[in-house]
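Here's a quick walk through some local features of this model, with the cut-offs spelled out as they come up. Have a look at the structure first.

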Amino acid sequence: MAKRSKKAAKKVVSRKAPMRGTAKRSAGKFVYFFGTGKAEGNRHMKDTLGGKGSGLAEMTNAGLPVPPGFTISTDACNLYYKLGGKVPPAVDAEIALHVKRLEKAAGATLGSTENPLLVSVRSGAKFSMPGMMDTILNLGLNDAAVEGLKRRTSNGRFAYDSYRRFMQMFGSVVLEIPKSAFEHEFEVVKKARGVSLDTELDEAALGEVVEKYKAVVRKHSGKPFPQDPNDQLNMARNAVFRSWHNPRAKEYRRIYDIPDAIGTAVNVQMMVFGNTGDRSGTGVGFTRNPATGAKEFFGEFLINAQGEDVVAGIRTPQPISELARVMPKAYAQLRQITTRLEKHYKDIQDFEFTIQDDRLYMLQTRSGKRTGYAAVIIATDLVKERLVTPKEALLLVDPEALSQLLAPGFDPKEWKSITAATRGLPASPGAACGQVVFTSDEAVKWSDQGKPVILVRRETVPDDIHGMWVSQGVLTATGGMTSHAAVVGRQMGKPSIVGAGELAIDEHGKTFTVKGQTVREGDWVAFDGLTGEVKIAKVSSQPSEILQVMAGKMKTADSDIFGRFNQLLTWADKFRRLGVRANADQPDQAELAYKFGARGIGLCRTEHMFFGEGRIPIVQRMILADNEADRRAALAELLPMQREDFYGVFKAMHGTPVTIRTIDPPLHEFLPKREDLMVEIAIMEATGKSGRSLEEKKTLLARVEQLHEFNPMLGHRGVRLGITYPEITEMQARAIMEAACQLNREGLKVVPEIMIPLVGLVKELRDQKVIVDRVAAEVMKEQKIKIKYLVGTMIEVPRGAVTADEVATEAQFFSFGTNDLTQMTFGFSRDDVGKFLRVYQDKKILDKDPFATLDAEGVGQLVAMGVEKGRKTRADLKVGICGEHGGDPSSVHFFHKVGLDYVSASPYRVPVARLAAAQAALSVKVGD
Ligand code: PEP
Ligand code: MG
């Protein structure tokens, strides 16, 4: 054990030791020591040591009371996989050497009958993956060492309880023996002794359990329980490496986009015991409230408990304020240390500690996971407290957090009118309402059927990750604010209530009862994750506070969160280089986008306007026309409507640039479905109906059949429509120019950007540009006003990107349509990819959905090529992107790097894009 007196430890803690260092990774080194005030690693070495390892090293260097140990690097893990599940002898030797160093630092020896060293073996990847991988505690115990532990602690019961816990953990995690085999034997002994609680078993009984466990191990593994602590250590290390690929860890990485290739580190650390009696305990906490962001010391602990007991949610722990009462000295030291850690890391810290016989040990510190709401509160508070600059604050908020803030809440009147059935701990804020299910598999099944579900569990375990992901909210009966459900719920931004102790859950019977009321699977439940109230009802929700302020339904001054949201985005605007526009087709959408900070429209899909009220019959007439004159007559009817649309959108954007795209989808999309028409005609004929309406239906069917395409996405759409029906382009160009002229006359300077979709050949664009220029000249002459306008194109066909230098001879701007560009580059139909994408991801053929996150290596190269070639021809070419990727943070980083001028996202993603663009500007350079 690291022998340092309490006084000495305190002195070092209060010393303002600078915690510095660089990411020094030594070639050929796989094991990094920490202990007795010095560590070989530091905070910058997360890639090599994982988050936990680098935190332990950093705290050790700062003189904090950390039990000594060593970290086996992520490189060793990757080597283990490369060698087909083996660690090379050189790494084994390096570990053995570090075991000796650890024994020296600890003043204890593995397997000793006098003073045995016990260690914990824990996973720790670069990104925290709470509870997803395996941990083994009390390693080093064997038949001899258990006697040593008994001697050292003068506590035989404690020694044998530790041994049986170790055997059980090692047996299930390392030897992969079902837990139930051990649990069964444990119950047998308890029954024989006539006791119901584990704590009622004495030393002799626990000794008996140990013997029974040995038999279990021999029966299932065919070998005796390994007695050599070095064998135990190597086996445990390999098991932790293996757990990197267990199903729940894989699922977690998929959800959070964590690469498989980074591997996990393994931390081997001297055990300290929180379970030696009433002067001991273990706990976890945060320097601020991770659910609400409030500046309050926040955490939980359990007296006389070990390791995972708190996180596992099996016993409901006590709030940390209670520690101030029962162990004031340890509490004060903990506050002092954690405050210092927060200042040092410049972020909320999530820590683990153990108190052994009144002495405090720090076991972990890392940046705390927080809800989107808390992220915004904490970042803006830290700036107010001058702990970070606005620039640093921007990097503390995940852009996705901003979309959590826009999620709906309950209608307050309706919510108040319903009595709460019970209350739990408010683990993750948000309004959740759905139908109750009791297992994660059911949650997935129901949600696949389009039903909103609330997952109700006694407690969640890491295997519940898939069910939690699809649920509207998670409700548990046990566990504290740092239990698995709470931690994961917050991270997912999933409303969660934990520890609702009044719920009596019968998972088999698929019911729960609360205050005499029985709730069955499928019944509606609603809860508020900010207050902890649970109601047995279906409650409607209402827009978030931020949207209410934007809609003028709430005063800006009355909404604290709105002020902070705005502040953060104002800072983001100062640092970002990329412009942010919105994809919007209607004036109200454009207005909302403007309020969200979009300064321009990157894509106005004009065809969406054709679906407006009363327009479809006119559009259908235009399509059904079998001669140009009739087609022109229908288009003339559409013209004033389109002009009005464009006028509204221009006006809503206050003179910022607006890109309007000419018609894109195949015409049959505006006609009824072929099958529906056939049925209608058959019914009419069968019921003896004849005459004009039957004839009209038959004509319609004939045209639908004529327009039928086998591959409509690669068919008669985009510029191809404009080329075959130039009068459509004419009408749209006229509507755009007339609206723009009118606004310019009214004093609003509008520069329309007319965009031709799906261009692959420069001649296609030329054909359309001639029409637009001609119509523009006509309109300006008629209106006696000259205005500036641009004609450009979407780059969404690979040939367009490859010949961008030629296309730019005609195009005054480019906008990458990365939806179609992804579709055509991969040859994946964007409407059908869902049928096999999951399998591709499971098999690691694809990491991410390329329609959500830009495929930088493939599609991205076409974008980069398009930008470079386009600007070679026209140096001032304005280049943007208007595919869905414009609102995806990692894609935004890519667009920043390749030097785009702006990204365009759907209105609700505009805040996300603003923050992501600032983060990109702060972390990567254009051209990197
Ligand atoms: C695109 O293809 O990326 C695009 C924005 O156009 P649409 O989604 O309308 O095809
Ligand atoms: Mg497209």
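## A buried glutamate

E727 sits in helix 29 (residues 726–745); helices here are DSSP runs of H or I with at least four residues, strands are E runs of at least two, and both are numbered from the N terminus. At 5% relative accessibility, E727 counts as buried, with buried meaning under 20% relative accessible area, exposed over 50% and partly exposed in between (1.4 Å probe, protein chains only). Setting aside neighbours within four places in sequence, E727 is in contact with E628, R631, R632 and L635, where contact means heavy atoms within 4.5 Å.

A word on ground rules: this is a predicted model, so local features need pLDDT of at least 70 and side-chain atom pairs count only at pLDDT 80 or more, while totals for chains, interfaces and linings use all residues. Residues are numbered from 1 along each chain as its sequence is written, chains are lettered from A and ligands numbered from 1 in the order in which they are written, and side-chain values use heavy atoms, with hydrogens and water left out.

## The magnesium site

Which residues coordinate the magnesium ion (ligand 2)? E796 (OE) and D820 (OD) do, at 2.0 to 2.1 Å. The pair links distant parts of the chain, 24 residues apart: E796 is in the loop between strand 31 (790–795) and helix 31 (798–802), and D820 is in helix 33 (residues 818–826). Both E796 and D820 are buried.

Donors are N, O and S atoms within 2.8 Å of the metal (3.2 Å for Na, K and Ca), and since water is not among the atoms, sites may look incomplete.

## Helix 6 and its two partners

Helix 6 (residues 156–173) packs on helix 9 (residues 229–243) at an angle of about 50 degrees, with the axes 10 Å apart. That makes helix 6 oblique to helix 9. For reference, angles under 35 degrees count as roughly parallel, over 145 as roughly antiparallel, 65 to 115 as roughly perpendicular and the rest as oblique; axes are lines fitted to C-alpha atoms, for helices over the stretch in contact, and angles run from 0 to 180 degrees between N-to-C directions. F166, F170 and V173 of helix 6 meet Q232, M235, A236 and A239 of helix 9.

Helix 6 also packs with helix 7, at an angle of about 155 degrees and with axes 9 Å apart. That makes helix 6 roughly antiparallel to helix 7. The contact brings R164, M167, Q168, G171 and S172 of helix 6 up against K179, F182, E183 and F186 of helix 7.

## A loop aspartate

Where is D198? In the loop between helix 7 (179–193) and helix 8 (203–221). With a relative accessible area of 34%, D198 is partly exposed. Not counting residues up to four places away in sequence, D198 touches R157, R164, F186 and K190.

## Other helices

Helix 22 (residues 587–595) and helix 25 (residues 628–652) pack at about 10 degrees, axes 8 Å apart, and are therefore roughly parallel to each other. P587, A590, E591 and Y594 in helix 22 meet D645, G648, V649 and A652 in helix 25.

In helix 10 (residues 247–256), R248, A249, E251, Y252, R253 and I255 are buried. D257 follows helix 10 and has a positive phi, near 55 degrees.
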